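Open the model in your viewer and get ready to select a few places one after another. We will go from a strand to a loop, then on to a pocket, a pair of helices and a cavity.

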Amino acid sequence: MGFSMQPYGIQSMLKEGHKHLSGLDEAVLKNIEACKQLSAITRTSLGPEGMNKMVINHLDKLFVTNDASTIVNELEIQHPAAKILVLAGKAQQEEIGDGANLTISFSGELLQNAEELIRMGLHPSEIISGYTKASSKASEVLEELVEKGSENMDVRNKEQVVTRMKAAVASKQHGQEDILCSLIADACIQVCPKNPANFDVDNVRVAKLVGGGLHNCTIVRGMVLKGDAVGSIKHVEKAKVAVFASGVDTSATETKGTVLIHSAEQLENYAKTEEAKVEELIKAVADSGAKVIASGGAVGEMALHFCERYKLMVLKISSKFELRRFCRTTGTSALLKLSQPKPDDLGFIDSVSVEEIGGSRVTVVRSEEGGNRVATVVLRGSTDSILDDLERAVDDGVNTYKAMCKDSRIVPGAAATEIELARRLKEFSFKETGLDQYAIAKFAESFEMVPRTLAENAGLNPMDIISKLYEKHASGNTKVGIDLGGGDYVDDVCKDVSILKIWDLYVTKFFALKYAADAACTVLRVDQIIMAKPAGGPVRRDQPAGMDED
């Protein structure tokens, strides 16, 4: 007779196939281990000398990038604790658009130091308490490190914009930041509204065209549409525009009808009436003064024939988002079906021309006078992956511009801020009396991750550099950071960043530290992991990477 053990404890409560991990060793330390692995991946990509990662996602799409938010998004991380770090990085990317790598790497470093404290015998709640105190103290110190006078800024002054944007762009495209910053600043200033706080990132578009090099990149006040114009008219200047969302063609009736035709004449007349109807519609558009028609759908053969006759240029824009932007650029209202537009519905453009750039034909829509609503940065590069990486650098620059429109305060970059925070927090930990002081000291030590990583990624000796930075900061110069292009000697590398003009935005640092500390505390608060058995059935895929978000 078979004897089966009855399940007891938590096994009897949950379904078969579940996983249950509890206690320090199983839950807390395993979670920390997973987060450390994730931050080790992103850490080597931190800073201007950061290495690239080659990621191939589930759709076999290749990414070669050092942009942390792209890397962690495409890795499809499954571990629940590591996902918390990914979410912190995403929050930083959405809030500021830069600093996702700092958030994930710093969070991993905090957890690594917490592991040492746990092994020493501290309870996670004491570590959390210390980290929370240290985080609020770090925010206070960060306020004190803000450069005097940087809160007043003219967002239309290119020099001031480039100063604040340079560090963000250089971390993605080191050595090419001067060319890129100049382009991005010009594009952002062109589309900046009267109230800079309402700046919309979507108004700076990027057109990627393979071929040429970075020196061929330009800015277009208006839009660059991939693809040729429909028909034979390829260039129009100072013209009115009509936009039809559902296409330029004869519209089918909504009800079904049967036509009984008895003779050939009737058939001819039937065809003629259709022709006459289309001609009437196109003539009505031409009479309204429009010279350019943009269509959101198909353009019928007959309609195109009459457009040619009335000298109308026809553009086909199949993406509804592109069509919406086209309307915004030209100041047009999109009409639902082909009919005579009212004067209010028409927009105006300075010129539309089909140009050949690097072997591909593109339609360039310039709108230079009518309140520059959209600007496009035309990027050139030898391969698609280089262009994708350039686009990420432009995105970071534009997001930084948006952040500086709201808060333009700056702090010293190149790890000068982090070393000063580490030094001040260490002093603060000596004044504390409880067990919190160990956690605060470890929080301070975690800041050393930034200069250490910057030095390691550039192939320099991190220990010498960190001790030299501490020495210079202790003697009162709080703006000494790492100049990676300085040379091999320690004194050449540690320089005053206000001379080098390396500045970071205050908000980027503030939110990165806040999110990193929150994520680390969230992971430390977990003491049990209970995973139900995964449901069967087909797995729902997320929307494919690279799709237009809106």
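Start by selecting Lys238, which lies in strand E6 (residues 235–244). Helices (H or I, at least four residues) and strands (E, at least two) are DSSP runs, numbered from the N terminus. Before you go further, know that this is a predicted model: local features need pLDDT of at least 70, side-chain atom pairs count only at pLDDT 80 or more, and totals for chains, interfaces and linings use all residues. Residues are numbered from 1 along each chain as its sequence is written, and side-chain values use heavy atoms, with hydrogens and water left out.

Look at the backbone of Lys238: its phi is near 45°, a positive value in a residue other than glycine.

Next, select Lys311, in the loop between helix H10 (301–309) and strand E8 (313–316). Lys311 is not a glycine, yet it has a positive phi of about 55°. Its relative accessibility is 59%, so Lys311 counts as exposed.

Now go to the second largest pocket by selecting Gly47, Pro48, Ala167, Ser171 and Asp504, which lie nearest its centre among 42 lining residues. Elements giving two or more residues to this lining include helix H7 (158–170) and helix H12 (384–406). H7 makes the largest share, 5 residues.

Keep H7 and H12 selected. They pack at an angle of about 135°, with their axes 9 Å apart. Axes are lines fitted to C-alpha atoms, for helices over the stretch in contact, and angles run from 0 to 180 degrees between N-to-C directions. H7 and H12 are therefore oblique to each other; angles under 35 degrees count as roughly parallel, over 145 as roughly antiparallel, 65 to 115 as roughly perpendicular and the rest as oblique.

For the last stop, select Ser135, Ala138, Ser139, Leu142, Phe510, Leu513 and Lys514, which line the largest cavity. On a 1 Å grid over the protein atoms alone, a cavity is a set of points where a 1.4 Å probe fits but cannot get out, while a pocket is an open set with protein on both sides within 12 Å along at least five of seven lines; lining residues have an atom within 4 Å of a point. Which helix gives the largest share of this cavity's lining? That is H6, with 4 residues.

Note on methods
Buried < 20%, exposed > 50% of the residue type's maximum accessible area, 1.4 Å probe, protein only.
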